Amino acid sequence: MKETPSIGFAITGSFCTFAKTITVLERLAKLHYSVQPIFSDHASHMDNRFTQASAFCKKVEEITQKKGIYTIPEAEPIGPKSPFDALVIAPCTGNTLSKLTNGITDSPVLMAAKAHLRNEKPLIISISTNDGLGMNFKNIGLLYNTKHVYFVPFGQDDYQKKKNSLIANVTLIPDTIEAALEGRQLQPVLCSPNHL
């Protein structure tokens, strides 16, 4: 592993996890990771009850000290240039998860993931989806068995009110990156609700 790994950090529209995403990015900055932010269209343009999109993107760029990737054409060169040691999708919504599984590249994040995987380097998924144990359960299984794909340990965040909902323990993103760079899936993958 390099002393200062270069990480692509792709953010999709699970707005309720954005505060945790900021905390993770601040931690990666303290660990001296070189982090390139990549935004889905929803993350970069859709204001929501948690934050204004422009303010969120500005904060991410301040932490990473890099201008974000906002378009599919900006993400496409990730393939031939191979700038990242690993690429993280955090949060990774069910929508992004299902499209990734089926090879659809209709957003900057999905293009970045496709371009990065062609270089056979780690793709790390930090899921945040209300249908992880529903329609997306099969997609998680398929990606879990895909070469170069690693998961941030996850579990049911509210098994009484949202029985199909799954969310990653984002505090484990740095550890998952470290393990993935060594070709290992961080274990255990499944967390109890008390450890999310």
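Predicted model: local features only at pLDDT ≥ 70, side-chain atom pairs only at ≥ 80, totals over all residues.
Residues are numbered from 1 along each chain as its sequence is written, and side-chain values use heavy atoms, with hydrogens and water left out.

**Helix α3**

- With 12 residues (53–64) at 1.5 Å a residue, α3 should span 16 Å, and its end C-alpha atoms sit 17 Å apart, which agrees.
- A53, F56, C57, V60, I63 and T64 of α3 are buried (under 20% relative accessible area with a 1.4 Å probe, protein chains only; exposed is over 50%, partly exposed in between).
- These residues cover an arc of only 125° around the axis, so they lie on the same side of α3.
- On the face turned away from the buried side, you'll find exposed S54 and K58.
- Just after α3, Q65 takes a positive phi of about 60°.

**What α3 packs against**

- Its buried residues pack against β1 (6–11), α1 (18–30), β2 (34–39) and α2 (41–45).

**Helices α6 and α8**

- α6 (residues 94–101) and α8 (residues 137–144) pack at an angle of about 55°, with axes 9 Å apart.
- That makes α6 oblique to α8 (angles under 35 degrees count as roughly parallel, over 145 as roughly antiparallel, 65 to 115 as roughly perpendicular and the rest as oblique).
- L97, S98, L100 and T101 of α6 make the contact with N139, I140, L142 and L143 of α8 (contact means heavy atoms within 4.5 Å).

Notes. Helix = DSSP H or I, 4+ residues; strand = E, 2+ residues; numbered from the N terminus. Expected span 1.5 Å × (residues − 1). Arc of directions from axis to C-beta. Axes fitted to C-alpha atoms, helices over the stretch in contact; angles between N-to-C directions.
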